[in-house]
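Try each task before you read its solution.

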Amino acid sequence: MTETISKTSLAGMSREDLRTVVLEAGVPEKQVRMRLGQLWRWVYYSGVTTFDQMTDIAKPLRAALAERHTLERPALSERQVSKDGTRKYLIKLGPGIEVEAVYIPGVGRSGALCISSQVGCTLNCTFCHTGTQALVRNLTAAEIVTQIMIARDDLDDWPKSAKDLDSRAITNIVFMGMGEPLYNLGNVAAAMAILSDGEGIAISRRRITVSTSGVVPQMHDLGEQTQAMLAISLHATNDELRNELVPINKAYPLVELLQACRDYPGASNARRITFEYVMLKDVNDSDAEARKLVQLLRGIPAKINLIPFNPWPGSPYECSDWGRIEEFAQIVNKAGYASPIRTPRGRDIDAACGQLRSQSIKKRASEKLKERLAAQNAS
Ligand code: SAH
Ligand code: SF4
């Protein structure tokens with residue numbers, strides 16, 4: 001009887017794990033360093049998907065690697081391309097377990113990939129669709145890293161020569177997809193170490209932004225461990241309203257949150273903290289609140305990002321009128337904060353903030369209904 005072993009993928013593995021892989025493939029100790037360097041570059045610089053492409057690795061070693069491993073990425077359940085170039089990937093991590101990543105062109109030097117850190121979210125911000133999902137688990141570091149690998153495959157964005165490095169499609173990463181990254185800091189930090197490694201995917205830590213709803217006790221560690229750029233989902237200028245919109249505020253109120261921002265390692269005028277503010281009609285969008293916002297952020301090196309609210313089926317809010325958003329923005333602008341309104345992207349494919357997965361859930365519900373009706377008809 002032949003023994004069947006389930007093969008593990010190298011895509012998403014850390015250097016330490018790949019070192020073990022190289023050792024287990026029978027590479028003598030004194031060659032491990034060199035072979036590991038080669039393997040790392042094939043996996044993370046070139047993004048190869050077959051062992052045969054690893055031309056500077058001897059055939060017997062390639063065969064030994066292929067015996068136990070693959071270079072597979074998690075499967076795509078769905079891929080959608082918007083009229084404006086936004087691309088949405090629904091990634092299947094297991095039965096019923098899916099996360100989304102969204103590519104947004106025209107951000108930073110070229111484009112940003114918005115990635116998820118958890119399946120669902122344990123927090124229940126009232127305007128966010130992710131918060132309504134029942135199933136929650138942390139993503140592994142590999143599951144975070146492979147979101148970028150999948151997008152690079154799709155965008156044909158692995159460099160073929162050194163000059164391609166200046167024209168990469170994905171130059172920035174934002175942890176603004178599903179989940180609260182600071183509830184999964186260990187894996188987020190491990191993923192960032194892989195993503196920012198100069199011999200591989202090489203996206204610098206200053207181009208990686210982590211957005212948090214305000215998990216104050218983890219903010220310092222985030223800065224120390226990852227040197228990530230910080231974004232805060234602020235959304236309100238007083239505790240009473242913020243308790244309602246972003247309930248974690250009850251545990252860590254505004255004074256504590258803003259103090260943690262002042263203390264964030266590495267924050268400076270060159271490395272400003274982004275404050276996200278979702279525009280909810282007649283809820284948080286008055287002139288008085290714009291003035292209060294500016295006042296609250298005094299003394300913090302800050303950027304403000306006004307996000308038009310993206311409604312989802314059953315959402316309890318409406319987006320502020322465009323004129324109101326512009327007036328709010330003007331007050332913020334006059335106080336010295338530039339270009340603050342985030343243009344909604346990918347609306348036609350439900351790729352905008354807080355809408356992730358809603359369409360696919362709806363679609364599956366209607367497919368299930370069809371299946372049920374078909375079964376009824378057949379019986
Ligand atoms: N959990 C983290 C990161 C993911 S949410 C956080 O809350 O910061 C990313 C951003 O999208 C947050 O600023 C969040 O408040 C915003 N967002 C969520 N739902 C939204 C919606 N329906 N419309 C607009 N922005 C939304
Ligand atoms: Fe979670 Fe962020 Fe959505 Fe709040 S806004 S429920 S923290 S994903």
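**Exercise 1. Find out whether valine 32 is buried or exposed.**

Step 1: valine 32 has a relative accessibility of 1%, so this residue counts as buried. Buried means under 20% relative accessible area, exposed means over 50%, and partly exposed lies in between, using a 1.4 Å probe and protein chains only.
Step 2: Helices (H or I, at least four residues) and strands (E, at least two) are DSSP runs numbered from the N terminus.
Step 3: jump to arginine 298, which is 266 residues away from valine 32 along the chain; their C-alpha atoms are separated by 53 Å.

Before going on, note that this is a predicted model, in which local features need pLDDT of at least 70 and side-chain atom pairs count only at pLDDT 80 or more, while totals for chains, interfaces and linings use all residues. Residues are numbered from 1 along each chain as its sequence is written, chains are lettered from A and ligands numbered from 1 in the order in which they are written, and side-chain values use heavy atoms, with hydrogens and water left out.

**Exercise 2. Work out the strand order of the open sheet of 9 strands.**

Step 1: read across the sheet, and the order is S3-S4-S5-S6-S9-S10-S11-S12-S13, with mixed pairing. Two strands pair if DSSP finds at least two bridges between them.
Step 2: look at the edges, where strand S3 (75-81) and strand S13 (302-308) each have a single partner strand, so one side of each has no neighbour in the sheet.

**Exercise 3. Follow the pairing from S3 to S4 and on to S5.**

Step 1: S3 and S4 are antiparallel and share 6 bridges. One pair to find is leucine 76 with its bridge partner in S4, isoleucine 91.
Step 2: check the hairpin of S3 and S4, with 5 residues between the strands, where glycine 85 has a positive phi near 95 degrees.
Step 3: move on to strand S5 (residues 97-107), which runs antiparallel to S4 and is joined to S4 by 7 bridges. Here lysine 88 has valine 102 in S5 as its bridge partner.
Step 4: find the hairpin of S4 and S5, which has 2 residues between the strands; glycine 96 in this turn has a positive phi of about 70 degrees.
Step 5: see how covered S4 (residues 87-94) is: 7 of its 8 residues are buried. In S5, valine 99 also counts as buried, at 0% relative accessibility.

**Exercise 4. Trace the parallel pairs S6 to S9 and S9 to S10.**

Step 1: strand S6 (residues 110-114) runs parallel to strand S9 (residues 172-175), and 3 bridges join them. Alanine 112 has asparagine 172 in S9 as its bridge partner.
Step 2: S9 is also joined to S10 by 3 bridges, again in parallel. Phenylalanine 175 has its bridge partner in S10, valine 210.
Step 3: in strand S10 (residues 208-212), 5 of its 5 residues are buried. Ile208, Val210 and Thr212 point one way from S10, while Thr209 and Ser211 point the other way.

**Exercise 5. Which residues other than glycine have a positive phi, and how buried or exposed are they?**

Step 1: histidine 235 has a phi near 65 degrees. This histidine is in the loop between strand S11 (229-233) and helix H7 (239-245), and at 4% relative accessible area histidine 235 is buried.
Step 2: aspartate 282 has a phi near 60 degrees. Its loop lies between strand S12 (273-279) and helix H9 (287-296), and at 68% relative accessibility aspartate 282 counts as exposed.

**Exercise 6. List the residues around ligand 2.**

Step 1: the residues are Cys121, Leu123, Cys125, Cys128, Gly131, Gly179 and Ser213, where being near means that a heavy atom of the residue lies within 4 Å.
Step 2: sort this shell by class to get 4 nonpolar, 3 polar and no charged residues. Ala, Val, Leu, Ile, Met, Phe, Trp, Tyr, Cys and Pro count as nonpolar, Asp, Glu, Lys and Arg as charged, and the others, Gly among them, as polar.
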